[in-house]
Structure formats: structure tokens, C-alpha cells
Amino acid sequence: HDRFADEETDGSGLDTEIDWTLPGGETVGRFYHVYDPAEFEADLRESELELIEWELSSGNCYAVVGP
């Protein structure tokens, strides 16, 4: 995601924690793995899922997969 564009990665993405507000108003840290696009594509290829489509939009990786 563009929010992490300045973070240094080795092509394997970034693990981070982002504040998440629960329905009751409590804020907790939530783990996120921010994919590097090349890493995302490699993980899709290596999976047993059928890749129907994938795209990069506004710094976000999206995929449509099937069984």
C-alpha cells in the first residue's frame, strides 16, 4: 500500500501492526502483512488456486482466484 511506500523491504513485503477500532470503541493492534507486488504474484503462482485475474491498483494487490 502507498502508506508504506517509504519502508525498506527486500522484495518480501512488510509485516506491521495497525490500530484497529473494535465495534465497542476499543482500539487494538491488528497484524498486517503488506505484500510487495512481486511477492504477491509469486505466492499466487505457487498456490494450488486457479488464478483468474490479478491487478495492482493504488498500491494494493487484488486477485480473483478459484479452486
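Colleague: Hi! What share of the contacts with a separation of 6 or more in the protein chain comes from residues 24 or more positions apart?

Modeller: Such pairs account for 17% of those contacts, where contact means heavy atoms within 4.5 Å. This is a predicted model, where local features need pLDDT of at least 70, side-chain atom pairs count only at pLDDT 80 or more, and totals for chains, interfaces and linings use all residues. Residues are numbered from 1 along each chain as its sequence is written, and side-chain values use heavy atoms, leaving out hydrogens and water.

Colleague: Thanks. How many helices and strands does the protein chain have?

Modeller: It has 1 helix and 4 strands, which run β-β-α-β-β from the N terminus on. Both kinds of element are DSSP runs numbered from the N terminus: helices are H or I with at least four residues, strands E with at least two.

Colleague: And what percentage of the residues count as buried?

Modeller: In this chain of 67 residues, 16% count as buried. The cut-offs are under 20% relative accessible area for buried and over 50% for exposed, with partly exposed in between (1.4 Å probe, protein chains only).

Colleague: Which residues of helix H1 are buried?

Modeller: H1 spans residues 37–46, and Glu 39, Phe 40, Ala 42 and Leu 44 are the buried ones. Their cover includes strand S2 (27–34), S3 and S4.

Colleague: Let's zoom in on Leu 44. What does it touch, not counting residues up to four places away in sequence?

Modeller: Leu 44 touches Leu 51, Trp 54, Ala 63 and Val 65. Leu 44 counts as buried because its relative accessibility is 12%. From Leu 44 to Trp 54 there are 10 residues in sequence and 9.1 Å in space, C-alpha to C-alpha.

Colleague: You mentioned Ala 63. Which residue stands opposite Ala 63 in S4?

Modeller: That is Trp 54.

Colleague: Are S3 and S4 parallel or antiparallel?

Modeller: S3 (residues 50–57) and S4 (residues 60–66) pair in the antiparallel sense over 7 bridges; two strands pair if DSSP finds at least two bridges between them. Their hairpin has 2 residues between the strands, and Ser 58 takes a positive phi near 50 degrees there.

Colleague: Where does Val 65 sit, then?

Modeller: Val 65 lies in strand S4. With 37% relative accessibility, Val 65 counts as partly exposed.

Colleague: New topic! How many salt bridges does a search of the whole structure find?

Modeller: The search finds 1. The side chains of Arg 45 and Glu 41 form a salt bridge, 3.9 Å from N to O. The term means a side-chain nitrogen of Lys or Arg within 4 Å of a carboxyl oxygen of Asp or Glu.

Colleague: Why are Arg 45 and Glu 41 separated by about one helical turn?

Modeller: Because they are 4 residues apart in helix H1. Arg 45 is exposed at 59% relative accessible area, while Glu 41 is partly exposed at 33%.

Colleague: Last one: is Gly 13 buried or exposed?

Modeller: Gly 13 is buried, with a relative accessible area of 14%. Gly 13 is found in the segment before strand S1 (14–21). Beyond its neighbours within four places in sequence, Gly 13 is in contact with His 33, Val 34, Tyr 35, Asp 36 and Glu 39. Gly 13 and Glu 39 are 26 residues apart in sequence and 6.9 Å apart in space, C-alpha to C-alpha.
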